[in-house]
Amino acid sequence: MDTDVREPGGSRAAERTDGHTDEEAARHDDAMRAASAFGPVGVIGAGAMGAGIAQVAATAGHAVTLVDVAPGAAAAAVEKVGGALSRLVDKGRMPADHATAVLARITAAQSLRDLPNCGLVIEAVPEDLGLKRGIFAELADLQPSTTVLATNTSSIDIDDIAADVADPERVLGLHFFNPPPVMALVEVVHGERTAPAYVEHAVALVAAWGKTPVRCSSTPGFIVNRVARPFYGEAQRIVESGIADPATVDWILRERGGFPMGPLELTDFIGQDVNLAVGTSVWEQTGRDERYAPTEFQRGLVEAGRLGRKSGRGVYAYAADGSVEGAQPDLELAERLVGGPVATDPLARTLAMLVNEAVDLVARGEASADDVDTAMRLGTRYPKGPIAWGRELGFDRVARWVAELDAAYPGGRYRPSPALTDGSLT
Ligand SMILES: NC(=O)c1ccc[n+]([C@@H]2O[C@H](COP(=O)([O-])OP(=O)(O)OC[C@H]3O[C@@H](n4cnc5c(N)ncnc54)[C@H](O)[C@@H]3O)[C@@H](O)[C@H]2O)c1
């Protein structure tokens, strides 16, 4: 960034002292002008996500009002954002005067009535339909009819949240990933009644904030939390049925699959309770589709309080310094399993079901193939998008793998998507 930033209403210094180009400065000025033309942004809920989203919007040049009902919570969150901005300054990633200006754009408040007329309001209160529905009804009354009303929900249907809003065409999901200032991906989620013009408006805004928007419909788990289900589920079932131990499964997915973390260590990192809640929500919302049924293995961990890294024990046991205790992969077993029968090959099994899930989402018209691949690469850091991966493996081969799994484990869990063989994706 630069020292000759023109903040809205501010003045422009004559000389450049930061080594940045005039072109960069002009781009920054354009962004500031666009933000000021779009208008203020309201953020409701100043927790982990709300504070981060407020930082993102203020950095993009918007005046932001951050509202939290808990006394002092919004002010504490603004302070937290100040700390995050200071760290960026210390690392040389933001000039000090820019950080000061960003922070000055965020106002803490305690009531929805304290919001000015906004271009956009983003709700980030806890995942509770009744709470969110009430907030949207109130926002719709308080804000002008042109204000875009967005929710950061991870799992609740957009139309349910908009149920008490008289003009639900302006309600949509903006699903940021944690932490919002770092994660590039934002799922822009449209409900049945969201008007396409609002979706395009939100997509353009998210892109102007330097994020990567993907579009999807309000389907259970949206893109990332839906397509990622088999990554966890297959690994848990493989361990549950005694095919391989967790360390060997994780090793195979990391070393043979190229995933940054194995599925079991990843669930320990996320928290077994959090991961189980997301999986259960998708399962419930799909009418308890067998494909997403929570495993006894994971339920057992949660019931035993083995929640993962945060409780010192999950799939693995952790030492005080965070290192894993006493879990070594069995490399001979790994070599025997990979490339063997699909039912006992953790990599083929996982890839088959990831590709199948992604292809199904596209076939149902819930997201485009490109958006699914972008979402999975940015949201989960998979080495390849599942559709591109399927293309590389050959959709016919993936269909055979899923059919083999269906034969080994009948009951409807392993249903090949018709799109694997109907030629629509090749
Ligand atoms: N944490 C994540 O990794 C993550 C990622 C993506 C999306 N989400 C979603 O974002 C939302 C918020 O999650 P979080 O982790 O930031 O929650 P959080 O519990 O950290 O923060 C929620 C905040 O909302 C406040 N709040 C409660 N009721 C309120 C009301 N009526 N008006 C204003 N503020 C109110 C609470 O005081 C709290 O500070 C949830 O819908 C969650 O599913 C979370």
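The domain assignment of the protein chain, with bounds from an automatic or database assignment, gives domain 1 (39–217) and domain 2 (226–420). The contact between them (heavy atoms within 4.5 Å) takes ten residues from domain 1 and nine residues from domain 2. Taken over C-alpha atoms, the centres of domain 1 and domain 2 are separated by 31 Å. The structure is a predicted model, in which local features need pLDDT of at least 70 and side-chain atom pairs count only at pLDDT 80 or more, while totals for chains, interfaces and linings use all residues. Residues are numbered from 1 along each chain as its sequence is written, and side-chain values use heavy atoms, with hydrogens and water left out.

About 770 Å² is buried between domain 1 and domain 2, and carbon and sulfur atoms give 58% of this area; buried area is the accessible area (1.4 Å probe) that two parts lose on being put together, summed over both. In domain 1, Ser155, Leu185 and Val214 lose the most area to domain 2, together 44% of what that side buries.

Helix H10 (residues 246–256) is mostly covered, with eight of its eleven residues buried, that is, under 20% relative accessible area (1.4 Å probe, protein chains only). Helices are DSSP runs (H or I, at least four residues), numbered from the N terminus. Trp251 and Ile252 are among the buried residues of H10, and the cover includes helix H9 (229–240), H11, helix H14 (331–337) and helix H15 (346–363).

Conventions. Buried means under 20% relative accessible area, exposed over 50%, partly exposed in between (1.4 Å probe, protein chains only). Helices (H or I, at least four residues) and strands (E, at least two) are DSSP runs, numbered from the N terminus.
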